Amino acid sequence: MTDQHSFETLAIHAGNTADPLTGAVVPPIYQVSTYKQDGVGGLRGGYEYSRSANPTRTALEENLAALEGGRRGLAFASGLAAEDCLLRTLLAPGDHVVIPNDAYGGTFRLFAKVVSRWGVEFSVADTSDPAAVRAAVTPRTKVIWVETPSNPLLGITDIAAVADIARTAGARLVVDNTFASPYLQQPLALGADIVVHSTTKYMGGHSDVVGGALIANDPELAEELAYHQNAMGAIAGPFDAWLVLRGIKTLAVRMDRHSENATRVTDMLTSHPKVTKVLYPGLPEHPGHETAAKQMKAFGGMVSFRIKGGEEAAVEVCNRAKLFTLGESLGGVESLIEHPGRMTHASVAGSALEVPADLVRLSVGIESGDDLLADLKQALG
């Protein structure tokens with residue numbers, strides 16, 4: 001596979017080489033821990049132990065790199081495992097990180113409760129405002145961390161603008177691309193240094209696997225990340241890697257349907273009398289709409305909204321939904337609904353990242369749009 005192939009073709013074929021032994025068109029699940037050597041140090045294909053490398057994981061990592069336009073992809077046991085590896089590779093005691101004022105609760109917990117214990121400091125900034133990012137940078141800043149769209153308020157960051165700030169500061173720009181997926185947005189092409197994914201979400205796409213990924217362009221940086229991946233060991237197992245690789249094959253068609261359904265949902269919500277605000281970058285009134293339209297192919301399947309009646313009303317909407325499953329996570333073919341304040345973002349309560357109590361977050365699936373609208377209308381009452 002080459003860069004000349006379209007995304008849809010790469011999603012199906014990159015890393016998916018037919019098995020040389022049988023001709024199987026799907027890479028086998030190499031459920032193995034160790035490999036026979038042809039004499040001491042005589043490795044077949046470079047494989048010696050599956051923490052260091054496994055053929056099924058290699059197939060996924062090649063696919064990830066191709067889809068993000070990177071030099072190397074690395075697959076992990078979870079998105080947070082990928083983030084942990086990245087931060088321990090890039091940071092040392094005394095370093096500083098700029099993080100967004102809207103981000104996944106687990107990411108904030110990693111910075112606030114784990115990384116800070118190593119002597120790494122962080123500042124919170126509104127990354128949708130390049131001036132705010134620039135103001136938060138210090139001489140010790142080594143990483144600027146961005147989510148776009150952000151979780152759960154769907155904020156948009158101008159990746160190219162923040163990449164310029166990071167280069168000027170001598171810092172690395174990390175972009176969590178989980179909400180968009182590489183089908184809708186490719187941060188490396190816009191100047192990011194590293195892309196992070198929870199492959200649990202849109203990449204896997206079927207709520208049946210937990211995984212994470214890092215993709216980088218700089219070969220030296222990629223080698224450092226790979227060294228730490230092996231040294232720390234939180235790698236994706238072969239079956240998990242196989243599931244993510246299978247899910248990616250339909251990523252393009254799924255993201256088209258997610259975006260289409262989400263647009264219909266936002267159209268309904270914006271006119272509903274019980275909804276006070278809809279957060280979706282596809283709306284012209286969204287403050288990041290122009291930037292999103294510039295750097296994204298479409299606007300994705302995540303929608304958040306605020307409701308009259310405050311926290312209890314928001315919780316009741318979540319409880320009344322029937323087709324939208326009440327649950328955490330996102331990005332699967334089935335639609336999910338949740339209350340971020342009490343669920344995915346409980347860890348940011350009392351911090352600068354605390355989310356509104358009247359907020360409901362939707363992961364809009366690929367079911368019938370008519371059925372999804374009917375369920376939301378009855379849940380809203």
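User: Taking helices (H or I, at least four residues) and strands (E, at least two) as DSSP runs numbered from the N terminus, where is Ser50 found?

Analyst: Ser50 is in the loop between helix 1 (7-13) and helix 2 (55-68). Before going on, please note that this is a predicted model, in which local features need pLDDT of at least 70 and side-chain atom pairs count only at pLDDT 80 or more, while totals for chains, interfaces and linings use all residues. Residues are numbered from 1 along each chain as its sequence is written, and side-chain values use heavy atoms, with hydrogens and water left out.

User: Is Ser50 buried or exposed?

Analyst: Ser50 counts as buried, at 10% relative accessibility, where buried means under 20% relative accessible area, exposed means over 50%, and partly exposed is in between (1.4 Å probe, protein chains only).

User: And what does Ser50 touch?

Analyst: Leaving aside residues up to four places away in sequence, Ser50 touches Val32, Ser33, Tyr35, Arg57 and Ile235, with contact taken as heavy atoms within 4.5 Å. The side chain of Ser50 also makes a polar contact of 3.1 Å with the side chain of Asn54. A polar contact is a pair of N or O atoms within 3.5 Å; within protein, one must be able to donate a hydrogen and the other to accept it, and residues adjacent in sequence count only if both atoms are side-chain atoms.

User: Switching to rings, how many aromatic pairs are there?

Analyst: Rings of Phe, Tyr and Trp (its six-membered ring) pair if their centres lie within 6.5 Å, and planes under 30 degrees apart count as stacked, over 60 as edge-to-face and the rest as tilted. By this rule there are seven aromatic pairs. One of them is the tilted pair of Phe111 and Phe122, at 6.2 Å centre to centre with 55° between the planes.

User: Which parts does that pair of Phe111 and Phe122 tie together?

Analyst: Phe111 lies in helix 4 (residues 105-114) and Phe122 in strand 3 (residues 121-125), so the pair ties together parts that are eleven residues apart in sequence. Phe111 is buried, with a relative accessible area of 1%, whereas Phe122 is partly exposed, at 26%.

User: What does Phe111 form with Trp145?

Analyst: Phe111 and Trp145 form an edge-to-face pair, at 5.5 Å centre to centre and with 85° between the planes. That pair links distant parts of the chain, Phe111 being in helix 4 and Trp145 in strand 4 (residues 141-147), 34 residues apart. Both Phe111 and Trp145 are buried, and ring pairs link Phe108, Phe111, Phe122 and Trp145 into a cluster.

User: Which value does phi of Ser181 take, and what about Ser207?

Analyst: Phi of Ser181 is near 75°, a positive value in a residue other than glycine; Ser181 is in helix 7 (residues 181-184) and is buried, with a relative accessible area of 1%. Ser207, which is not a glycine either, has a positive phi of about 55°. Ser207 lies in the loop between strand 6 (194-198) and strand 7 (212-216) and is partly exposed, with a relative accessible area of 46%.

User: What order do the strands have in the open sheet of five?

Analyst: The order is 8-9-12-11-10, with mixed pairing, where two strands pair if DSSP finds at least two bridges between them. The edge strands, each pairing on one side only, are strand 8 (275-279) and strand 10 (325-326). Strand 8 and strand 9 (residues 302-307) pair in the antiparallel sense over four bridges, and in strand 9 the bridge partner of Val278 is Phe305.

User: Which strands does helix 12 lie across?

Analyst: Helix 12 (residues 310-320) lies across strand 9, strand 10, strand 11 (336-338) and strand 12 (359-363), and runs at about 135° to strand 9. Axes here are lines fitted to C-alpha atoms, for helices over the stretch in contact, and angles run from 0 to 180 degrees between N-to-C directions.

User: Last one: how many disulfides does a search of the whole structure find?

Analyst: The search finds zero disulfides, a disulfide being a pair of cysteine sulfur atoms within 2.5 Å. As for individual cysteines, Cys85 is buried, with a relative accessible area of 2%, and Cys318 is buried, with a relative accessible area of 2%.
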